[in-house]
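Work through the exercises below with the structure open. Try each task before reading its solution.

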Amino acid sequence: MNFPRIPIGDVVADGIQWLTVNADAFFRFLSTIMTFLVDGLSDLLIAVPWFIMIPALALLGWLLRSARFAIGSLIFFLLIVAMNQWDNAMLTLSLVLIATLLAIIVAVPLGIAAAQSSTVSAAVKPVLDFMQTMPAFVYLIPAVTFFSIGVVPGLFSTIIFALPPGVRMTELGIRGVSAETVEAGQAFGATRREVLFGIQLPLAVPTIMAGINQVIMLALSMAVIAGMVGADGLGKEVVSAIGTLNTAKGVEAGLSVVFLAIFLDRLTGALGDKKLRTKSLTTRINARKASPVKAA
């Protein structure tokens, strides 16, 4: 017995084709903006000599985390230079940073809206589930259809693939703020906006930073896959190595991706911890100021 076929794929393909034809001006506008952002940042990163950029990144790691992390970062980046992958690493870094920035611009407000409204949360969750479970390669198909090949479809697919953790962790962080703390703010006459920006968001910063960390990691993994559609950087090197069975090139490009991932992961983790330590210190200082002075 033959079960009737439902042409879901054909319907989606027709919808994508309709958008390609009728929203061509919109996609060209997006392509111009994304190309400008990525090319501008990559040109800036490449223009700075590696012997200046590497100490600056190591110093940033020392300020935000520790001297040991700074030394490790210095060694990792020098190895990338020694493998002749520095320019490719900067191209990948620019793609990841722009994709992360654009994903955060969408994810954080959407996460706030989901935390403030159960209706929005219920509507967003199945969409996020779909985005997270869809194989990453599938995103490349409509991206290439909309934007042709190059860095733009890679950036577009990277943003979609990396966005869900930012939304989920923002909602989780805000919902995780204790009701007693929110009620205390409301008791002192704080408006809903003041409670959100003065209480909930500051207390949710560590969780939101954890979400941003996941966004960066997913963006980095997708940036490598984006090399299949012509996005320059380490991903293109990996794809080229696969096509020519060049083990040496593949290992060097892969290790460079790993070094970038370690640096970005530890750095964003340190940012969340730093925010948490600063918040705890401020709380203790305010509590000490508010406590009555004991009589001598």
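**Exercise 1. Find the helix that holds L78, then classify L78 as buried or exposed, or in between.**

Step 1. L78 sits in helix 4. Helices here are DSSP runs of H or I with at least four residues, numbered from the N terminus.
Step 2. The relative accessibility of L78 is 39%, so L78 counts as partly exposed. The cut-offs are: buried under 20% relative accessible area, exposed over 50%, partly exposed in between (1.4 Å probe, protein chains only).

The model is a predicted one: local features need pLDDT of at least 70, side-chain atom pairs count only at pLDDT 80 or more, and totals for chains, interfaces and linings use all residues. Residues are numbered from 1 along each chain as its sequence is written, and side-chain values use heavy atoms, with hydrogens and water left out.

**Exercise 2. Work out which residues make the nonpolar surface patch, and which helix gives the largest share.**

Step 1. W50, F51, I52, L74 and L78 form the patch, about 470 Å² in area. Patch residues have over 30% relative accessible area and no salt bridge; nonpolar side chains (Val, Leu, Ile, Met, Phe, Trp, Tyr) are joined within 5 Å, like charges within 9 Å. Areas come from the Shrake-Rupley method with a 1.4 Å probe; for residues, only the protein chains shown count as cover.
Step 2. Helix 3 (50-64) and helix 4 (67-82) each give at least two of its residues.
Step 3. Helix 3 gives the largest share, 3 residues.

**Exercise 3. Find the salt-bridge partner of D129, and say how many residues apart the two are.**

Step 1. Apply the rule: a side-chain nitrogen of Lys or Arg within 4 Å of a carboxyl oxygen of Asp or Glu. The count comes to 6 salt bridges.
Step 2. D129 pairs with R168, with the closest N and O atoms 2.3 Å apart.
Step 3. This pair links distant parts of the chain, 39 residues apart: D129 lies in helix 6 (residues 118-133) and R168 in helix 8 (residues 151-175).
Step 4. D129 is partly exposed at 39%. R168 is partly exposed at 26%.

**Exercise 4. Explain why the buried residues of helix 11 line one face.**

Step 1. List the buried residues of helix 11 (residues 234-244): L234, G235, E237, V238 and A241.
Step 2. Look down the axis. The buried residues fall within an arc of 160°, so they line one face of the helix. The arc is that of the directions from the helix axis to the C-beta atoms.
Step 3. Check the other side: G243 and T244 are exposed there.
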